Amino acid sequence: MDGEPFIQLHGITKRFPGVTANDHVDLTVRVGEIHAIVGENGAGKSTLMRVLYGLYQPDTGSISVRGRTVVIDGPRAALELGIGMVHQHFMLIPVFTVAENVILGSEPVAGLGRLKLREARARVAKLCAQYGFALDPAAKVGALSVGEQQRVEIIKVLFRGAELLILDEPTAVLVPQEVEELFSNLRRLREQGKTIIFISHKLDEVLDISDRITVLRRGRVVGTVDAAATTKPQLAEMMVGRPVLLELEHPEVTPGAVRLEARALTVGAGGGGRRQAVRHVHLAVRSGEIYGIAGVEGNGQTELVEALVGLRPIVMGQLLVEGQDVTQQSARAIRLMGVAHIPEDRHRRGLALPMTVWENMILGHHYRDDFVNGPLVDRPAVDRFVAEHVREYDIRVADTDAPALALSGGNQQKVIVAREFSFAPRVLVAAQPTRGLDIGATEFVQRQLLAARSNGMAVLLVSAWLEEVLSLADRIGVMYGGELVGEFRRGEVTAAELGLYMTGTKRRDVIPVVPV
Amino acid sequence: MKGRLLILQIAAPVLAIAFGMLISSIIILAIGRNPLEVFGIMVRFSLGRTDSLFSILFKSTPLIFAGLAVAMSFRVNLFNIGVEGQYYIGAFCAAFVGFSLRGLPPIVHLPLALLAAMAGGMLWALLPIALKIRRGAHEVITTIMMNYIASALILYLIADVFRDPAQAGTPRVRTPDVALAARVPSLGPFFGNFGFAGSDVQKLNALLLLGLTLCIILAYALARTRFGYEVRAVAANPTAAEAAGIANRRVEFGMFMLSAAIAGLIGLNDILGFFGYLDIDFPKGLGFLGISVALLAKNNPLGVILAALLFGFLDRGAQGVQFFARVPKETIVIMQAIIILAIVVAYELLTSYIRIQRKREAEGTPAMPAAAAEAAP
Amino acid sequence: METLTSLLSIALIASAIRVTMPILLTALGAVYSERSGVVNIGLEGIMIMGTFFGAVGDYVFAERFPGIVAAFPDAAPLAGVLAAVLGGVAFGLIHALVTVTFRVNQIISGVALNLLAAGLARFLNILLFTQATQSPGVHGFTPIDIPVLKDVAVLGPLVRGISPMIILGVLLVIASQWILLRTRFGLRLRAVGEYPLAADTLGVSVTRMRYAGVLLSGALAGMAGSYLAIEQAHLYFEGMTQGRGFIALAAMIFGNWWPVGALGASALFGYFDALSLRVVKLPVPYQFISVLPHIVTILVLAGFVRRAQMPAADGLPYTKEEE
């Protein structure tokens, strides 16, 4: 493993208004290794990679590639040096074919700028064969699975002759089986002499795939270690700067009555078509219970959640809250019955970012009698409520008149959690509640969910993060293709087993729970 | 920070107006005139004479309604470009109620005419907003098409259906006279008490007061009421508003209808306040000016008053430069358009500057709670 | 029965083709602009500029260079078309600057552009012709016959004595379809309209492609305006575009953001436009016949928008993430 250095960073510093994202970072990546970079959200991983890929210019420091000092002033320059980036959020155009996506920006052309599409397809096919990727160059990208789209991203980079591949959180969107396939692809790339930088915060995966690991914390390098010579707790401590508890306590709670129930729920996919996004789903969530829903994103979870909180019309079936039929009720009516909702996309559904913090904190409660005085908003009452909750949930905000977009992601999520937990909800529907949060904020949210469960709330937790579902839920349902393809009790099932259900390889009938 | 923001917020429109003047100066130079002299004439003519001051107020009155109408739709991110057509229809409805009913007392007849105008405006907005909400048809194109149709319809109604029989044999194409009971009272007698007189004083009517009142009421309602809160939420993020149980379609519909109702009143300054009938040469284009007024005012009802006054001033000034400086009044029209382009750019730059400042401030305060707390024992 | 045959007569179709052209050319421009992700509602204003500069270019060239015009009569209208295209590009540049560089809301910029065009055309007309609303008359292109087809008797007015700009228009549709589907430029243009960030990370300049799209739309809308003034009315007069720029946007939407689709949709509008010019004996007031194309526009938008596949990033300003 003592290859010559491919790339060396010396004292890279990158500052943004009010924050130093990278602080004198030194890093050496050797030819032919898989080098992981780990750190919490906000540790500076993404910034560092953007510097490396030419999207940002460092304020100080230098970069050398194969021993030569270089200036990387854009993605093009990076590619010319053999550096390619596989982005976390796929940079793919759904209406284009695989080949069109791959060639964009470096198209083979004849006279008049005519695309040589046949040649492009042939070259893509050849690359796929070389690295063992199963892909059809003529397929539309929008029709591919997440794993396949990721392969297109990798092929895109290889097509441009990259020798060093940067993969930014590549496993975040994959199911266990797809992760395995990605890892075998990466190992094959390494065999053929490619160098890989693997960015992640999932320590098990990092230990599995990488040769060496560099840990970042708050913009600084904490250290670089050999994967073979370290352990998960050690890495976690390096990342967070203190020993961390990797397991949450999950106290025994006796579930009570069914609070939220779906009977043969069928929901349309929207867009005016007849396609159904959710088909015939039965589920029941009881007081004092967390019901987890696992599944690859895009298998109907979003639509299921929206239907449960009244944001999407129910085509067939019934929805009951505490035994009352609310199938035809509006979102407001369902809310007023005590159903709280932490939306999966806090920027789209959760917050009105340009509005002030105080306005966001009463969003969805603003029509309660507590906050209105005739037709007017009762500011004194609102201010009291906001001040109390800012204190209780430790929301770091200088001025509640500032727009919500000025808050950090963790604080934004706290605003939502504080809001949704107020007025004693009976049911909580939480979708991806910890997405994009750092370890501290994640722990906070997860503890809140468990506390709610202890207090007798009925919690429906939808998460694409399998470990979260496994560690928090009392029961787990798996969604695939819009259907509930399996339901398990806590401890009854492993992650690998769930993966089989999540990909549609296995299924078993879900027996509707008889309401107590 | 707050003080600096306020200065910037005032500076943005001032700079945009200065930029508009700069471009106009270049145009005036290009036609061989001295811009300073032209602007001097404009200011002296518009502000140096009492008749001009009253004329500016008269010209600003419909612009207040027009700007307010457009602003109300912009507030929920809908582009009601159909204000133009809506006020044609509103003007006709008011005139119709005015000339077809007789013998009603003013306390009944005038409000009836105003309501008819608002109903006419709303009627003309119903199809575009319904198509927008139900079918996703872009309201900009549909409302513009409705403008053309309104124009044709009004022409037909005035020329072929309700043409004043008393005008038969003359080239005048107009409706019969509106009953006196439906006319808007002039403010002339009031100002007469202070020694002001003349036709420009007589033209000024109570609709100015109605417009100002409407602006103040709506400013208060949007800032302080629950409905105003919901409007802000829908504008800021309709999907989040929906998740919060706000019927955003209903809010959008309501604001669009409010916009159209106000639009219906635009033409009345001339129809019920001055002429007393509707003819085919009634003032047109006020709806489009309303877009400019709303943009300049940043959709703030109180800002609408100032922006309308500015445009009234420019309009009066244009008459002055045309008459006294022999510079085409279109120069001022171009200046208005340039001001609008400059103002939207200035506001955009200001918004992104504020966003960056806010981020800087927020991140300057101790963020990353857990880690920061651990690091500082 | 008589009405029915007259609704499909060759003369009517020939007239429909003529009035289709300005809508088609503008719709084609809109396709380029919106494929790159910029909504250009200012096309109406650009068309107005096209009508004005078209007439002025034609008129001024004929005045200044009578010798050239005597030898090549088509030189003057050609100068008019070029002036209109340049005027359109200049206006497109304003829209691009405001929306792409300064990222202002595209609808607002377009509306402002329309206001500017109306004022500017009046102003310039006063400067040149001492009155606000009308230019002197101008000459059009020499009509041409389509080789081979011209001898087919049935086609008559469809292939004989037609404007060369009609042929140009049809060729532009075919070329545009090919450009968008089969060339590097087309691929990149569509890419920035679908997912600008993706294109940006691959080294495709979003700004440059969007400027290209908007400028092309300006050029084509300018050309459309010049057709109206030079080939159809033989002069410029105020308000002659009659909202065709907006109708063209509807045609582009109805044509699903593709040139060939825009051709079909424009032909539909052109047909009703031609009808509104011809049918005078119907028991409907003429004022309503004249707004037939506008009514059809609303119906089309009401009926077909949902099925359309618009570019995913259409109308959205592009900002690089600043985190």
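Predicted model: local features only at pLDDT ≥ 70, side-chain atom pairs only at ≥ 80, totals over all residues.
Strand β1 of chain A covers residues 5–16. It is joined to β2(A) by 8 bridges, and the two strands run antiparallel. Both belong to an open sheet of 4 strands, ordered β2-β1-β4-β5 in chain A, with antiparallel pairing. The edges are β2 (19–30) and β5 (68–70) of chain A. Each has a single partner strand, so one side of each is left without a neighbour in the sheet. On average, neighbouring strands here are turned by 25° against each other, direction ignored. Helix α1 of chain A, residues 45–52, packs on this sheet. It touches β1 and β2 of chain A, and its direction makes about 65° with that of β2(A).

Now move along chain A to another open sheet. It has 4 strands in the order β12-β11-β14-β15, again with antiparallel pairing. Here β12 (276–286) and β15 (324–325) of chain A stand at the edges. Each pairs with a single strand, so one side of each lacks a neighbour in the sheet. Strand β11 of chain A, residues 258–268, is joined to β12(A) by 7 bridges. One bridge pair can be named: L260(A) has V285(A) as its partner in β12(A). Helix α9 of chain A (residues 301–308) packs on the sheet and touches β11, β12 and β14 (314–321) of chain A. The direction of α9 makes about 120° with that of β11(A).

A backbone detail follows. Most residues other than glycine have a negative phi. A424(A) is not a glycine, yet its phi is positive, about 40°. A424(A) sits in the loop between α14 (409–421) and β19 (427–431) of chain A. It counts as exposed because it has 9 C-beta neighbours inside 10 Å.

T130(C) has a positive phi near 60°. It lies in the loop between α6 (106–129) and α7 of chain C. T130(C) has 7 other C-beta atoms within 10 Å, so it is exposed.

Follow chain C into α7, residues 164–182, and then α8, residues 184–194. Their axes come within 5 Å and cross at roughly 70°. From α7(C), the contact takes I179(C), L180(C), L181(C) and R182(C). They meet F185(C), G186(C), L189(C) and R190(C) in α8(C). By class, the residues of this contact are 5 nonpolar, 1 polar and 2 charged.

Chain B has 17 helices and 0 strands. Its C-alpha atoms fill a box of roughly 95 × 55 × 40 Å along the principal axes. For 377 residues, a compact globule would have a radius of gyration near 21 Å; chain B has 23 Å, which agrees. Of these 377 residues, 54% count as buried. Among chain B contacts between residues at least 6 apart in sequence, 75% join residues at least 24 apart.

Finally, chain B meets chain C. The contact takes 35 residues from chain B and 36 residues from chain C. On the chain B side, α5 (106–135), α6 (139–161), α14 (286–296) and α16 (330–364) each supply at least two residues. That side has 26 nonpolar, 5 polar and 4 charged residues.

How values were computed:
Residues numbered from 1 in each chain as written. Chains lettered and ligands numbered in written order. Axes fitted to C-alpha atoms, helices over the stretch in contact; angles between N-to-C directions. Contact = placed C-beta atoms within 7 Å. Nonpolar A, V, L, I, M, F, W, Y, C, P; charged D, E, K, R; others polar. Pairing = 2+ DSSP bridges. Rg over C-alpha atoms; globule rule 2.2 N^0.38 Å. Buried ≥ 20, exposed ≤ 12 C-beta atoms within 10 Å, placed from the backbone.
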